[in-house]
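Hello,

Here is the structure I promised to pass on. Please open it alongside this note, which goes through what turned up.

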Amino acid sequence: MGGLRAVRWVGISLAFAAGFLAACAVLSRLVSPTPIGGGRIEWVREHAADYDTLFVGSSRTFRQVMPSVFDAVMAESGRPTRSFNLALPGMRPPEDAYVIERALEGRTAPLRFLVVECNPVRIGIPPEDRETARAVYWHDAPRMRALLGRALAPSSLDPDASLDGAVVRRHLVELADHARHWVWNATRIGRGAELLQHALAPQQRARSALRLGPDGDGFQPRPPEREGFGGAEREAYLEALREALPQPHRLRYGDAESQAELMRKRALAEGHSGRLVLVAPPYLQVPFAPLPELGIPFLDFSDPQRYPELFDAENRNDGGHLNARGAAIYSRLLAEALRAALDGEPAP
Amino acid sequence: MTELFAASGELARPILFVELRFLWIFAGIFGVHWALRSQRARKLWLLVASHSFYACFFIGNPLEFFPKLLAGAFGELPVGWWFPALLGLSTLLDYQVGLGIEGARSPRGRRAWLLLSLAANLGVLGFFKYYGFFEENVRALIEFLNLTPSWEPLRIFLPYGISFYTFQSLSYSIEVYRGQLPAERSFLNLAVFIAFFPQLIAGPIVRAMSFLPQTRRAHRLADVDVRGCATLFAVGFVKKACVADGLAFFVDAYFSAPAQYDAWSAWAAMLCYAAQIYCDFSGYSDMAIAVARLLGYELCPNFDFPYFSASVSEFWRRWHMSLSSWLRDYLYIPLGGNRGSRLFTWRNLMLTMLLGGLWHGAAWTFVAWGGMHGLALIAHREWARLASPSLRGALRWLAVPLTFTWVLLAWVPFRAGDVYVAADSGRPLRLVADGFYREHAERPRFPRSALERAPRSGDWHDPGQPGAVRVRRVSGGFGTAATVWRALLVPGGAGERRLAQPGLGALLALLAAVHWINQRRGLARWWRALPDWAYAGLLGAAAAAALFLKPVAYRAFIYFQF
């Protein structure tokens, strides 16, 4: 009797799951995920022929790479580009791969460069982003596979490295949170409410209007009121800089899944006749780098000895980001470094 | 001592019935509850679960409860860590009061025990809920007299649910005092009654007479109407997460700058707010009733299609029924009810409604809201007395729209007292788009310390509005209310901006039609006839559709702040 009841409840649960999944499948097919970043991804997809170079990364790209400066320097060197800054604040792998895939979807125009900020796969969602459209939209099956791979991979590429039980447990808790967002994404959570809101009150949604920046190239300068680097934060930065300067510059290669993610991005770029270029932005931290044997160009700006102007406090907005002046310098150096890499010369 | 009352630091996020984590927590409670064999063990489990659930409102993740408390013993305790103990103390007091009343030899002794319960319960409620109101008004008066107050304001955090559980435990003492109920001998039964988690935070305010007998009865899982409970919970979820939270966007947009919008927008916003607050609160009540039923307990209904009422007195028999009947039985009738002169009855009606308004929050806008309802009750009473039956019959068609319009106008001060402020500076903040569909790049960037401003009575942190505190203004809000009333009632007395397309009107009409059909029981039974597998499949599809239609960000239930 008890067995029969259990079978009945299992059947009912399966029917519930089937109904849920069927509805999810219909919704996923009919409705696209929420446009994030003011619809910039959709813009790039629709205007594929207008851009041959894409910058992808976090706020260290979003607020620091000026396509207009980059294109001007590239044109001067005889390799004109038409670039677009597709970065989003807080974006780390594997989210960036999702953005790249969406942006290149159906693209027929050839891509020249896919310039990606080099970061390892991040597991876990920042608390301030949890349960927001920002965290939900990129959770799909390939991203979940990458996260699972990261959760179960040793943190080092050392062949003797083993899994740390405590770390794996923490990762699995984070993975459960990702799984929840994945399910939400499958239901296109909030999309119905948003579409309704767009239809009924379009003017109220003005703040989410397409954000291409003042030059129409995706670069968003920081509002002037948010510029400024002073006080204790500046002192702490200068202290950290003083400590970092005498240190030899080092690289870290992270874990196997993060390296595999880089290879997937390379395949994506090559699939559209483009070339993947990885960048370590100017930041006082040991940068994550691709394994040399992958042969991916890697432009490393994280060495304060080599790029003192990028670490000058006058050119920075905080310890992690450049200000508008620093961004212009960085964009120029980025173009020069890319040109040098293409010519097989050492970076400037 | 000051530190004990004056909360600081980041508050834990309230657990909402519409969140997935609640479903996990409830699945655990449900599973253990029905796995236990003895009734006593089940009640003990419910008590532990209810207190832990309540503690999670202050401490956060249930899994972090004991580690945090342990860590707190050696360092800083989480905000409000002792509020669950307050709930326990209230239970202990009323247990003793019940026994004391029954054991007292003289009416005077019985009265003394009752007064102790009233003084202690209302004293605690008054301190936490009304100290800020009192202090701010005294301060305003002193400043009005061109003097300077010599004390620093004490910021007090309002424990969740205190208005609800205080009224609930008071109902026990009063019922025992009146001889309507024997004193409860089992502390466990009384503790389960007061702390029962489905209704602990925002009601319904259950009467001891209806709940305590249920704690003595044997419960069987086979008696639980699982399908009915699942349907009721799903309906509550859709009301809260899809309708109320969806309409909140329009209401917040309008109230962020009411002077800029036209009259159409004012009506649309107020209709949206009427639907929002009804769906928010009745959705919560539906879910609370469903969850309680799944555990074998029956809670009283809280709503009965109140917007179809033909008079304000009928409205109060159908809106927040557990509170209105509480106020009627324990305030209006003890005040003398209608057993006296006309003026005496008017006074009682007005006093009951003013205090009912004040129960909702320590702000003059709530008092005004209560006052408007008091006026309408008096007017209706006089109309019923003076108008001839034929006149009343002839104008009956006007009753429902007129009542609804008055209720709508009364919602204006109720809502106008609320304002979102940047938590770090206290300046008004426009968070319209962010609350609905925030993105990292769009979100206002306030320092993390933003949430560390000491909350005070009436403030509440809305999970949908990070970096902001929703502040209940003690004496403000009337300017906003006047602007909205003017836009609603005075031709040309409004701005130019339009809140939404006419489609919003069609949406509201659709919601009203569904509500009307539901009232006629048109949607009540069809799902009963489905086979189990079809019902489960449909429920699964409905769950996916509800997630599609709900905004991503959660919003706290409006009544959590009361």
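**What was found**

B:Phe197 lies in helix H9 of chain B, residues 197-200. Keep in mind that this is a predicted model.

Is B:Phe197 buried or exposed? B:Phe197 counts as buried, because it has 25 C-beta neighbours inside 10 Å and the cut-off for buried is 20 or more. Leaving aside neighbours within four places in sequence, B:Phe197 is in contact with B:Ala49, B:Ser50, B:Phe53 and B:Tyr54. B:Glu136 is 61 residues from B:Phe197 along the chain, and their C-alpha atoms are separated by 33 Å.

**Helix H15 of chain B**

H15(B) covers residues 342-360, 19 residues in total. From first C-alpha to last, H15(B) reaches 27 Å, close to the 27 Å expected at 1.5 Å a residue. Which residues of H15(B) are buried? They are B:Asn348, B:Leu349, B:Thr352, B:Met353, B:Gly356, B:Gly357, B:Trp359 and B:His360.

**Strand E1 of chain A**

Now to chain A. Strand E1 of chain A spans residues 53-56. A:Thr53 and A:Phe55 point one way from E1(A), A:Leu54 and A:Val56 point the other way, and all are buried. In a regular strand the side chains alternate between the two faces of the sheet.

E1(A) pairs in the parallel sense with strand E2 of chain A (residues 83-85), over three bridges. There, A:Thr53 stands opposite A:Ser83. E1(A) also pairs in the parallel sense with strand E3 of chain A (residues 113-117), over four bridges. In that pairing, A:Phe55 stands opposite A:Val115.

**Where the chains touch**

How many residues of chain B are in contact with chain A? The count is 40 residues of chain B, in contact with 43 residues of chain A. The elements of chain B that give two or more residues to this side are helices H11 (226-256), H19 (432-437), H21 (503-519) and H22 (532-549). H22(B) gives the largest share, 14 residues. By class, the side of chain B that touches chain A has 29 nonpolar, six polar and five charged residues.

Best wishes

Definitions and conventions. Residues numbered from 1 in each chain as written. Chains lettered and ligands numbered in written order. Predicted model: local features only at pLDDT ≥ 70, side-chain atom pairs only at ≥ 80, totals over all residues. Expected span 1.5 Å × (residues − 1). Buried ≥ 20, exposed ≤ 12 C-beta atoms within 10 Å, placed from the backbone. Contact = placed C-beta atoms within 7 Å. Pairing = 2+ DSSP bridges. Nonpolar A, V, L, I, M, F, W, Y, C, P; charged D, E, K, R; others polar.
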